[in-house]
Amino acid sequence: MLTTQRAVTALRLFLVVLFGVLVLFQVMSLPGQFRYMTEQSPQDAYLRWPATVVTVFWVLCVEVVVVCTWRLLTFVRDDRIFSPASLAWVDGIVWAVGAAWATLVGVLLYVGLHADDPGLPLLLFLVTTGVTVLGLLLLVMRALLLQATELRTDLETVI
């Protein structure tokens with residue numbers, strides 16, 4: 001149990017750092033980057049705001065995952081992870097990954113239809129495939145958590 005507590009503490013520390021860096025990217029880096037790209041390539045200026053909105057949305061999705069993970073770590077720490085309340089936080093992660101995936105597919109389709117060379121569409125396809133695998137893995141893990149929660153609830157009612 002002590003190892004679990006240490007892992008939870010370390011993970012929380014890194015989640016705080018990750019969240020801080022994500023906010024920095026969301027507020028300062030990404031908007032500034034797309035403004036700079038517009039200045040360097042005025043012919044692509046029409047992409048500035050859509051690219052900014054989509055990337056900031058993706059960062060928001062990751063922030064939701066970080067917050068939900070933090071809350072789930074609280075359930076782990078309190079030995080309540082196999083409770084119905086934890087499923088809502090897992091659902092938050094699943095929905096955030098699903099929303100990011102849907103916008104990623106949209107970006108892939110747009111870029112794929114307008115690209116001159118295959119480099120960026122292939123990279124986006126690789127990322128989309130990775131996010132798809134992650135989303136499906138999360139659904140399987142959610143189903144396992146649900147089964148474990150039901151088993152624990154059944155066991156508690158028997159005892």
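The lining of the largest pocket divides into 16 nonpolar, four polar and two charged residues (Ala, Val, Leu, Ile, Met, Phe, Trp, Tyr, Cys and Pro count as nonpolar, Asp, Glu, Lys and Arg as charged, and the others, Gly among them, as polar). The model is predicted; local features need pLDDT of at least 70 and side-chain atom pairs pLDDT 80 or more, while totals for chains, interfaces and linings use all residues. Residues are numbered from 1 along each chain as its sequence is written, and side-chain values use heavy atoms, without hydrogens and water.

The volume of the largest pocket is about 810 Å³. A pocket is an open set of points on a 1 Å grid over the protein atoms alone where a 1.4 Å probe fits, with protein on both sides within 12 Å along at least five of seven lines; lining residues have an atom within 4 Å of a point. A volume is the space filled by probe spheres set on the points. Of the 22 lining residues, F34, L47, A51, V111 and L120 are the closest to the centre of the largest pocket. Helix α2 gives the largest share of this lining, seven residues (helices are DSSP runs of H or I, at least four residues, numbered from the N terminus).

The second largest pocket has a volume of about 270 Å³. Its lining comprises 15 nonpolar, no polar and no charged residues, with the largest share, six residues, from α4.

Helices α3 (residues 84–114) and α4 (residues 119–158) pack at about 160 degrees, their axes 9 Å apart. Axes are lines fitted to C-alpha atoms over the stretch in contact, and angles run from 0 to 180 degrees between N-to-C directions. The two helices, α3 and α4, are therefore roughly antiparallel (angles over 145 degrees).

Note on methods. Parallel < 35°, antiparallel > 145°, perpendicular 65-115°, else oblique.
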